[in-house]
Amino acid sequence: MEPPPQPSAMDALHEAGIHAAVALQAGPPWLEQIWLFLSSQLDPNSIYTVCFPLARGLDEHVSLMVLWIALVAEWLNVVLKWFLFGERPYWWIHESGLSEREQLPLRQFPITCETGPGSPSGHCMILGAALWPIVTALSKALSRYTRSRLLRLIPFLLYILLLVAMGLSRVFVLAHFPHQVITGSLAGMALGWGLQRRPPNFLKVRFFLLTALGLLLSALALHGLATAAGLDLDWSLRRASSRCSDPTWLRPETRPWASLCRVSGSALGLALAARHPPSRRAAEEPPGLEPPLGSATLGLLALDVLHKLPKSDGTALWYLNVGARYALGPVLVGSLLPQLILTLRRLRATP
């Protein structure tokens, strides 16, 4: 009798990741709530709808850099996932036969069933990249009040801890293997650092129009070329559909094309915001609430309302709806609301 085939190095890595998920799911209930909160509330969508408007409370440029880095990181994440063909734990345990060989006390959750490939982790990569401008801004602000290098490093230490916690949460919900969250976090940190060193001119309308068009068309071209070459880039959709415990947990927001609509829409929104920048006549402003802080608060509320509006049922209209919402975000946060605040303040100051 021939010996059973030896598992490959990647299979061994996947199996070790499954056992790590078993250990995490065996933890206390209060810790489970933390993992579920991180994965559900700090998903890539939250960078556009929460971190972007709130960062305006620090500085307008920081806010725009958060959005710019997020959309570049998400586009790159989609492309990497297409061509790295990464598995996800919740379907790999069945496809590999591990669930038949071992009794695995594993559970799926409503946020488990992501439909795109698994490598690298989008949560970790996009979060790691987009938070870099905020972390560096906070560290720079602390340097004005203290010479202690340790205190200036506190924002970076918290940033690292958040990425570690996010990675553990993704392993816990069976969305990723440990090596996928590690590579995603490292790629995000490197991308955030690199893009912050070369910021774009946020007043160049043509640049962002071409970026929005280029990101969408290049993704379409890559997908078309890969399909023509015989690669099946939609394989993960079928795996997710067949292995998700509850079909209602398969959310269209997790599809790669939803990410590309979000990315292209946000770049278009930056172009529209650049066309109508708010007035910067700060010297004429009366004392009181600073416009960045006011627009941060109003922007957060406005985007929350915008993204809670019902979406269209048809597939094409649904994607157009997503792109339009994310195009409106930068216009609201970066142009209309700041201008509204400045106008109201001038009216209030007029005798």
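Biologist: How many disulfides does a search of the whole structure find?

Modeller: The search finds one disulfide. This is a predicted model, where local features need pLDDT of at least 70, side-chain atom pairs count only at pLDDT 80 or more, and totals for chains, interfaces and linings use all residues. Residues are numbered from 1 along each chain as its sequence is written, and side-chain values use heavy atoms, with hydrogens and water left out.

Biologist: What makes Cys113 and Cys244 a disulfide?

Modeller: Their S to S distance is 2.1 Å, and a disulfide is a pair of cysteine sulfur atoms within 2.5 Å, so the pair qualifies. Cys113 lies in the loop between helix H6 (98-101) and helix H7 (122-130), and Cys244, 131 residues apart from it, in the loop between helix H13 (235-243) and helix H14 (256-275). Helices here are DSSP runs (H or I, at least four residues), numbered from the N terminus.

Biologist: Why is the disulfide of Cys113 and Cys244 called right-handed?

Modeller: The torsion about the S-S bond is about 90 degrees, so the disulfide is right-handed.

Biologist: Why is Cys261 called buried?

Modeller: Its relative accessible area is 17%, and buried means under 20% (1.4 Å probe, protein chains only), so Cys261 is buried. Cys124, at 0%, is buried too.

Conventions
Helices (H or I, at least four residues) and strands (E, at least two) are DSSP runs, numbered from the N terminus. Buried means under 20% relative accessible area, exposed over 50%, partly exposed in between (1.4 Å probe, protein chains only).
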